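Open the model in your viewer and keep the selection tool at hand. The stops below are meant to be taken in order.

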Amino acid sequence: MSRRAVVIGAGLAGMLAAAALSAVADEVVVLDRDDLPEGPEHRKGLPQGRHAHLLMAGGLAAMEDLVPGVSMRKHLLAAGAHEIPLGSGMVALTPEGWFRRWRHPGPRMLTCTRALLDWAVRGAVLDNTGVEIRRARVLELTGSRQEVTGVRLSTAAGEEELAADFVVDASGRGSRIVTWLARLGVDDVREKTVDAGLVNATRLYRTPEGAGRFPLTMVQADPYQGRPGRSGMVLPIEGDRWMVSLAGTRGGGEPPSDPDAFLRYTLDLPDPIVGRLISGAEPLTEVHVSRSTSNHRRYLEKVRCWPDRLVVLGDALATFNPAYGQGMSVAALGARELDHELRRSGLGEPGLARRVQRRAARPVEAAYAMAVSQDVWYPGTRGGSPGVADRLVTAYTRRMIRTATGSYTAASAVWDVMSMTTGPTRLLRPSTVLATLSGPPLPAAVGAPLTEDEREVLRRLDRTGR
């Protein structure tokens, strides 16, 4: 008997889930309401699509496991993505000081536009599997609270039902999964939102001549001073361009859409390095602003009676403040959990969907806790405030970050967790705890840790007189 799997959403999470399902299903149909672009172009279904996206090492490793017959790292690099070693290729000012740059490169992340990444992943999956994409809007799930049997959808030709042996909802931030489940009789979904009111503003620039190897540059927000957060970064992307993304929280930290005010904002950050760099660079676009940035968690793994044959992944399961660069990696890790269970149990085994949902919750919970633990400190944050446990964790984390500015042992632990190659328990290993309690063996860096060649690039570009 032919077995069909249906995936709702043709974004990153959906295509990776489709790749996993293609190994066990005879037919995999991906449904998306948008016309998908033929090339690496922005589409309206991604509200954060124009802003900075970082594919961490843990997420890339998951993607490597999912798409048969292709190295996603090589595929993305060939498409124009840049590879950034966290230990040596990044200049970052944290609330506790500048991170040093070490000879050891540490984990690597990829930077590119979200449009390029989605296009490259979609192409790799379609070229190496039998996955099919159809344009349709899903109206509801069919079946019962015990088992999902397909979807009811709307197309240009009208409404129809599409039967399925397995359904994955990867429809993103706008997912209607809670409503769909309620119609099936599953009405005990618990949700949690923590919203710091973050606003993103992004503009693209031509990479200045001679600056093609300038490190990714980041000035992080400080959640601990009782003031709105402000941050900015310059990261290399495809097409010899820089993406400059600013982010600020409600109450006066929001970055502007006006180009002149955009530059002023960068110069008013805790260090003006971002503004100094772009003051001599050629802008290629207007400033794009987005506000879809809250942390939202659906605790689907805790539902009493989870229907068989249904899994929810990606932003449909949880969204994170994009400032922490976790969303794409969490989506990939969730799809890998699906793949693991499918290969172990097969498509039709009872209880498979619940096991996948519980396994997918692990990377979600780690990323959500990391994001919320910082966002609750910003003034005006809605949905959460720091409690006793938050204060203890924050005290340790701040001391560890301060140590990491001058300790390779502590810095490597931070890189591993930030890149999602290990879980947060990495920060509690005896060597990390000892280093944290001992403090940084090297003095704090005075100014950005640039090479002499990089300083010359900065001096050449700087039009601010600072």
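This is a predicted model: local features need pLDDT of at least 70, side-chain atom pairs count only at pLDDT 80 or more; totals for chains, interfaces and linings use all residues.

Residues are numbered from 1 along each chain as its sequence is written, and side-chain values use heavy atoms, with hydrogens and water left out.

**Stop 1: H1 and H4**

Select helix H1 (12-21) and helix H4 (residues 114-128). Helices (H or I, at least four residues) and strands (E, at least two) are DSSP runs, numbered from the N terminus. The axes of H1 and H4 are 10 Å apart, at an angle of about 15°; axes are lines fitted to C-alpha atoms, for helices over the stretch in contact, and angles run from 0 to 180 degrees between N-to-C directions. H1 and H4 are therefore roughly parallel to each other (under 35 degrees; over 145 is roughly antiparallel, 65 to 115 roughly perpendicular, the rest oblique).

Now show side chains. Leu12, Met15, Leu16 and Ala19 of H1 touch Arg114, Leu117, Asp118, Val121, Arg122, Val125 and Leu126 of H4, where contact means heavy atoms within 4.5 Å.

**Stop 2: H10 and H11**

Next, select helix H10 (residues 388-404) and helix H11 (residues 408-418), whose axes lie 7 Å apart at an angle of about 120°. H10 and H11 are therefore oblique to each other. Met400, Ile401, Thr403 and Ala404 in H10 meet Ala410, Ala411 and Val414 in H11.

**Stop 3: the second largest pocket**

Centre the view on Gly45, Leu46, Ser171, Gly172 and Arg173, the closest to the pocket centre of its 43 lining residues. About 880 Å³ of space lies in this second largest pocket. On a 1 Å grid over the protein atoms alone, a pocket is an open set of points with protein on both sides within 12 Å along at least five of seven lines, a cavity is a set where a 1.4 Å probe fits but cannot get out, and lining residues have an atom within 4 Å of a point. Grid points are joined across faces, edges and corners, and a volume is the space filled by probe spheres set on the points. H8 gives the largest share of the pocket lining, 3 residues.

**Stop 4: the largest cavity**

Finally, select Pro37, Gly39, Pro40, Glu41, Arg43, Leu46, Ala115, Asp118, Trp119 and Arg122, which line the largest cavity. About 50 Å³ of space lies there.
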